[in-house]
Amino acid sequence: QVRLVESGGGLVQPGGSLRLSCAAFGTIYSIGAMGWYRQAPGKQRELVAVDIGDHKINYADSVKGRFTIFRDYAKNTVNLQMDSLKPEDTAVYYCKAEKLGAAGLWSPELWGQGTLVNVSS
């Protein structure tokens, strides 16, 4: 069964750092874009950072200079290093893989279960 599994969320004080990890499990042949989205309470899910392939990366303006995405194409993983965290970064963070080809499956998009990041003093 193909799935995305996230880890690394938690409680952190403002100004602190967290590192999120996401791994795609299963017999995977290809993945197009792979990245991170977040959804704060009462708000729509939004893009945080995405690697669309060939290490071409897009960041939300709100995280530029603070967050860094790194994708390992060979291991089908994507990490998000989050520094200088702010209370407004509090949200559930979701990993997403697009155009995923795997044994017995092709999916335009696949989401992880989400991991909570809480930035609070």
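At 54% relative accessibility, Lys 99 counts as exposed, the term being used for values over 50%, with buried meaning under 20% and partly exposed in between (1.4 Å probe, protein chains only). The model is predicted, so that local features need pLDDT of at least 70 and side-chain atom pairs count only at pLDDT 80 or more, whereas totals for chains, interfaces and linings use all residues. Residues are numbered from 1 along each chain as its sequence is written, and side-chain values use heavy atoms, with hydrogens and water left out. Lys 99 is found in strand β10, and its phi is positive, at about 50°, although Lys 99 is not a glycine.

The protein chain contains twelve strands and zero helices, where strands (E, at least two residues) and helices (H or I, at least four residues) are DSSP runs numbered from the N terminus. From the N terminus on, the order of elements is therefore β-β-β-β-β-β-β-β-β-β-β-β. The radius of gyration of the protein chain is 14 Å, which agrees with the value near 14 Å that a compact globule of 121 residues would have; the radius is taken over C-alpha atoms, and the globule rule is 2.2 Å times the number of residues to the power 0.38. Along the principal axes, the C-alpha trace spans about 45 × 25 × 25 Å.

Of the 121 residues in the protein chain, 45% are buried. Among the contacts with a separation of 6 or more, 55% are made by residues 24 or more positions apart, a contact being heavy atoms within 4.5 Å. The accessible surface comes to about 6400 Å², and carbon and sulfur atoms account for 50% of that surface, as computed by the Shrake-Rupley method with a 1.4 Å probe, where for residues only the protein chains shown count as cover. The protein chain carries 13 positive and 11 negative side chains, and the centres of the two sets lie 1 Å apart. Lys and Arg count as positive and Asp and Glu as negative, without His and the chain ends, and each charge is placed at NZ of Lys, CZ of Arg, CG of Asp or CD of Glu.

The structure holds one disulfide, that is, a pair of cysteine sulfur atoms within 2.5 Å. This link joins Cys 22 to Cys 95, with an S to S distance of 2.0 Å, and is left-handed, with -80° about the S-S bond. Because Cys 22 lies in strand β3 (residues 18-25) and Cys 95 in strand β10 (residues 91-102), the pair ties together parts that are 73 residues apart in sequence. Both partners are buried, Cys 22 with a relative accessible area of 2% and Cys 95 with one of 0%.

Strand β10 also holds Glu 98, which is partly exposed at 22% relative accessibility. Beyond its neighbours within four places in sequence, Glu 98 is in contact with Ile 31, Gly 32, Ala 33, Tyr 37, Ser 107, Pro 108 and Glu 109. The C-alpha atoms of Glu 98 and Glu 109 are 4.3 Å apart in space, and these residues are eleven apart in sequence.

Two loop residues may be described as well. Arg 66, in the loop between β7 (56-59) and β8 (67-72), is buried with a relative accessible area of 11%. Apart from residues up to four places away in sequence, Arg 66 touches Gln 81, Met 82, Asp 83, Ser 84, Leu 85, Lys 86 and Asp 89. Asp 54, in the loop between β6 (46-53) and β7, is exposed with a relative accessible area of 68%, and its phi is near 55°, a positive value in a residue other than glycine.
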